[in-house]
Amino acid sequence: MSDVEARQIERMKSVFDAQKAAFKAGKVRSLSERAADIAKIETMAKEKAEAFCEAVSADYGRRSAAETQIAEIGFTIATAKHARKHLKSWAKDRSVPVPMTLAPGKAYIRREPKGVVGIVAPWNYPIQLALAPLVPALAAGCRVMIKPSEYTPRVADMLKDTLGELFSEDHVAVITGGPAVGQAFCDLPFDHLFYTGSTHVGRMVAQAAAKNLTPVTLELGGKSPTVIAPDFDVEEAAKTIAWGKYFNAGQTCVAPDYVLTPKGSENQLADAVIANAQKFWPDPDSNGDYTGIVSERHYKRIADMVEEARAGGADIRQSATPTGSNHHAYPPTVVLNPPADSRLMTEEIFGPVLPVLGHDGLDEAARFINERDRPLALYVYTKSKATARDFLDKTMSGGVGVNVPMLHLSVEDLPFGGTGASGYGAYHGEDGYRTFCHERSVFHAPVWHPIRLMAPPYGKLFEFFKKLQAG
Ligand code: NAD
């Protein structure tokens with residue numbers, strides 16, 4: 001461990017102790033204080049939008065400002081607005097019915113802040129994935145430590161500075177650093193740990209959290225399939241598939257990873273996807289709307305995957321020739337029929353490369369998907385509601401888009417999370433609020449409650465209660 005990392009970890013531990021002490025000492029933050037906390041995030045996102053766009057672009061080499069605006073700034077603002085609007089109703093006690101034998105007592109659920117929570121964020125949407133969980137954590141009344149990714153250091157520093165101006169360190173703090181810091185961060189006995197990142201690291205995070213019995217949310221990745229039903233026009237599907245796949249150059253956890261299209265339509269789909277990509281992002285090397293690959297290492301990983309598939313006999317279509325010379329921009333690519341054991345078909349691609357395979361019907365497509373890990377998202381294109389429902393009955397995934405990729409995550413009231421290898425737990429909207437709350441059960445008996453009569457020696461009243469219980 002370097003000296004810098006040792007210092008980062010030392011600071012992290014003292015911030016954690018300060019947050020724990022403040023939570024123990026402080027009264028629960030009022031709803032108006034929490035609403036004000038969230039409003040600060042909203043204002044920050046609006047006022048610093050341009051600076052955030054520049055920071056993330058500098059970290060990436062090139063990140064489309066429009067994509068940062070839509071997926072990070074706009075998303076954060078919408079999350080904060082929604083939380084402010086619904087905070088009061090989320091925070092209300094929930095009355096529940098009591099059994100007849102316990103009447104006239106009252107039972108209810110109190111939603112209380114869990115305490116000090118940790119948020120670990122990845123690089124692919126470094127602003128959204130730090131701030132969108134921060135909002136519900138603040139709404140719940142928690143104290144929060146955030147560990148951004150080392151791949152986006154300018155954004156990490158900016159989050160540290162801007163949040164540092166808005167909140168005291170014992171309320172919200174940003175801890176910068178790489179995997180060693182991340183590991184030490186996840187070793188802390190948080191009251192909840194919220195992790196977004198790869199499945200590989202997610203397993204280590206779950207093990208670290210288990211040692212402290214820290215509840216953990218794992219927002220992981222995976223290979224999100226897209227399936228075109230025989231009743232759907234492939235040219236039409238290609239438009240939104242191209243948009244969803246190449247937005248942020250495919251570096252999106254819910255991007256379509258691969259497509260299963262009716263046998264015989266593979267070529268038509270591949271050509272249409274590439275034609276749309278050329279229309280959306282002409283000349284990807286110099287196009288400011290086309291995002292680069294975050295690092296040289298990831299660029300090479302993607303280029304190597306394509307070359308491995310080519311060597312295995314796959315047909316490669318690209319919207320331009322990759323040069324690697326400008327901001328690591330890897331062009332929109334379709335790979336027809338990559339070998340089943342190639343990395344393109346066995347690993348999450350997380351780049352602008354779309355494998356296309358043929359299917360013999362939706363049953364076969366469902367079998368193909370079910371033989372693999374449960375994905376974070378699944379997309380099905382069909383004109384028929386019944387076909388869509390039937391396909392969902394046959395498969396599992398964290399979330400679903402019918403006839404369009406990715407947009408389900410923008411619906412605030414839909415829980416967003418994975419299943420199986422794509423993670424567990426969920427957030428967005430009220431689910432985010434509940435993630436950072438402990439739901440405390442209360443039974444409140446009146447001063448004189450008839451249950452007292454149940455004390456031994458058991459007699460006639462006991463017989464009466466027995467009858468009541470038996471219904
Ligand atoms: P990553 O797992 O490499 O890193 C994520 C974070 O974990 C970083 O902050 C990193 O510093 C930290 N980290 C690294 N090693 C650690 C360790 N041993 N212990 C604790 N923390 C550690 O992921 P990434 O490459 O930044 O992100 C890409 C992955 O994230 C993809 O798999 C993608 O699908 C997934 N993702 C999921 C979602 C979602 O909402 N489900 C959203 C975005 C990205």
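**View 1. Domain 1 and domain 2 of the protein chain.** The domain assignment gives domain 1 as 3–220 + 422–439 and domain 2 as 225–412. These bounds come from an automatic or database domain assignment. The C-alpha centres of domain 1 and domain 2 lie 30 Å apart. The contact (heavy atoms within 4.5 Å) takes 22 residues from domain 1 and 31 residues from domain 2. This is a predicted model: local features need pLDDT of at least 70, side-chain atom pairs count only at pLDDT 80 or more, and totals for chains, interfaces and linings use all residues. Residues are numbered from 1 along each chain as its sequence is written, and side-chain values use heavy atoms, with hydrogens and water left out.

**View 2. The area buried between the domains.** Domain 1 and domain 2 bury about 2,200 Å² between them, 49% of it on carbon and sulfur atoms. Buried area is the accessible area (1.4 Å probe) that two parts lose on being put together, summed over both. Arg62, Glu67 and Trp123 supply 33% of the area that domain 1 buries against domain 2, more than any other three residues.

**View 3. Polar pairs and elements at the domain contact.** Between domain 1 and domain 2 there are 19 residue pairs in polar contact, both at pLDDT 80 or more. A polar contact is a pair of N or O atoms within 3.5 Å; within protein, one must be able to donate a hydrogen and the other to accept it, and residues adjacent in sequence count only if both atoms are side-chain atoms. On the side of domain 1 that touches domain 2, α3 (49–60) and α4 (65–91) are the elements that give two or more residues. α4 gives the most, with 8 residues. Helices (H or I, at least four residues) and strands (E, at least two) are DSSP runs, numbered from the N terminus.

View 4. The ligand is surrounded by 29 residues (a heavy atom within 4 Å); the closest are Glu150, Tyr195, Ser198, Leu220 and Glu348. A polar side-chain atom of Ser198 is 2.8 Å from a ligand oxygen atom. An N or O atom in the side chain of Trp123 lies 2.9 Å from an oxygen atom of the ligand. Glu219 places a backbone N or O atom 3.4 Å from a ligand nitrogen atom.

**View 5. The loop with Pro104.** Ala103 and Pro104 are joined by a cis peptide bond, with omega about 5 degrees. Pro104 sits in the loop between β1 (94–96) and β2 (106–113).
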